[in-house]
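Have the structure open as you read.

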Amino acid sequence: MPERARVLIVDDEPLMRVPLRDRLRKEGYQVDAVGSGEDAVGLLERADYDVAVVDLRLPGIDGIEVLRRARSLGRTADVVMITAHGTIETAVTAMKIGARDYLIKPFETAALLEVIGRYVAVRRASVDETPAAEAEFQGLVGTSPAMAKLYRMIKAAADSRATIIVQGETGTGKELVARAVHALSARATGPFVALNCASIPEALFEAELFGAERGAFTGADRRRKGRFELADGGTLFLDEIDEMALSPQAKLLRAIQERRFERLGGVESLSVDVRIVAATKVDLRARVAEHTFREDLFHRLNVLPIVLPPLRDRVDDPTLLAWHFLRKHGVDAGKPRLTFSDGSLAWLHTQSFPGNVRELSNVVARAVALCATDTVESWHLAAELDPVEGDAAKGPSLADAVKDSEWRRIQEALAQTGGQRTRAAELLGISRKTLWEKLRARGQ
């Protein structure tokens with residue numbers, strides 16, 4: 001590593017502390033190792049560390065107090081608690097005041113090295129401001145500093161087994177991030193299984209996650225595998241996890257922690273190797289404060305948070321994305337030579353796109369459908385603009401063309417999602433109610 005990362009070990013057992021110190025030094029880290037909380041606080045008063053590995057039970061000042069003192073001193077080290085007496089309550093207490101992770105003794109040294117390496121990599125990624133060279137990265141498009149940082153975060157997170165929360169407004173590309181993490185990880189050859197938590201009724205959620213045995217409920221005429229089982233060896237993407245009801249959250253927490261679960265109506269305990277990536281359009285801390293999301297589950301999921309920037313914060317990326325979508329939708333529509341006029345590019349620069357990348361994609365797709373020449377004009381992009389004189393004679397009215405294009409896009413979205421209206425509405429960048437009203441207007 002170009003600048004050696006600094007690690008602090010705080011453990012009162014020499015047989016644990018000294019070998020860890022020596023191993024970490026061989027790995028290239030700068031390491032300080034002490035046997036008491038008081039000595040640890042003394043070091044933290046003089047310097048900060050990248051990672052601090054702190055035993056929970058220490059003579060005098062315990063690990064929780066060391067963590068509190070570190071935060072009161074303004075230290076930013078990622079703290080990993082270690083203990084032989086771990087409980088969920090203790091872990092939640094530690095994570096609430098700033099711990100990043102915890103390990104239960106005895107643990108493999110390799111496991112601790114993986115945890116330390118993960119946090120060091122993420123810290124390096126988050127502070128490195130070198131512009132990214134690539135304009136397209138695993139399906140994501142953009143060269144803004146915000147996207148350059150996102151690419152680095154994805155690369156750093158991919159090698160880890162830790163759970164990830166991807167937070168971003170609707171339409172920012174949360175599933176693309178999850179797929180990028182999966183594709184760059186050692187699990188790339190394994191399955192990528194997605195579940196939209198908002199689209200599953202609460203009564204069926206447990207069976208959807210964990211599967212069900214025959215006869216477990218009315219209509220269960222055969223054994224069915226759940227998403228956890230289907231994702232074994234790969235990645236399980238839980239989209240819109242902020243919409244998950246409280247009742248299945250406890251079982252999800254247990255499955256994540258123990259990597260074991262039982263099918264609904266079954267007694268056999270199944271073991272799986274699944275990496276969890278969750279996505280939310282809101283800050284889950286607000287859901288925790290509202291008592292609609294379990295605090296212990298939040299802390300278990302929020303090990304590696306990745307925040308997606310909205311399109312309005314990505315300078316110059318909207319134009320780059322518009323050209324990307326023009327090529328994509330143009331090829332799909334059999335119009336590969338399409339280009340933007342100066343006026344259409346100027347119009348794009350005036351838009352904020354509150355629906356983010358998804359809205360921009362839909363706007364360009366509509367323009368491609370409306371354009372009868374090789375040049376996309378501003379009125380093709382904006383439904384409220386009138387066509388220039390003479391263009392109206394080239395085909396149907398703008399209003400009719402927009403309606404036809406919109407209906408084709410709705411049909412495509414429903415086909416893509418197997419008729420799931422909630423998911424189709426998400427793809428279209430509209431609410432489920434709006435989609436329902438448009439379908440009703442068509443007699444569907």
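Glu290 counts as partly exposed at 48% relative accessibility, where partly exposed lies between buried (under 20% relative accessible area) and exposed (over 50%), using a 1.4 Å probe and protein chains only. Its salt-bridge partner is Arg287, with the closest N and O atoms 3.9 Å apart; a salt bridge here puts a side-chain nitrogen of Lys or Arg within 4 Å of a carboxyl oxygen of Asp or Glu. Arg287 is buried, at 18%. Both belong to a network of salt bridges that also links Glu240, Asp242, Glu243 and Lys281.

This is a predicted model, in which local features need pLDDT of at least 70 and side-chain atom pairs count only at pLDDT 80 or more, while totals for chains, interfaces and linings use all residues. Residues are numbered from 1 along each chain as its sequence is written, and side-chain values use heavy atoms, leaving out hydrogens and water.

The salt-bridge count comes to 27. Among them is the pair Glu27 and Arg23, at 3.3 Å from N to O. Glu27 is partly exposed at 39%, and Arg23 is partly exposed at 36%.

Now turn to the helices. H18 (residues 421-428) and H19 (residues 432-441) pack at about 100 degrees, their axes 9 Å apart; helices are DSSP runs (H or I, at least four residues) numbered from the N terminus, and axes are lines fitted to C-alpha atoms over the stretch in contact, with angles from 0 to 180 degrees between N-to-C directions. The two are therefore roughly perpendicular, a label for angles of 65 to 115 degrees.

Notes: Angles under 35 degrees count as roughly parallel, over 145 as roughly antiparallel, 65 to 115 as roughly perpendicular and the rest as oblique.
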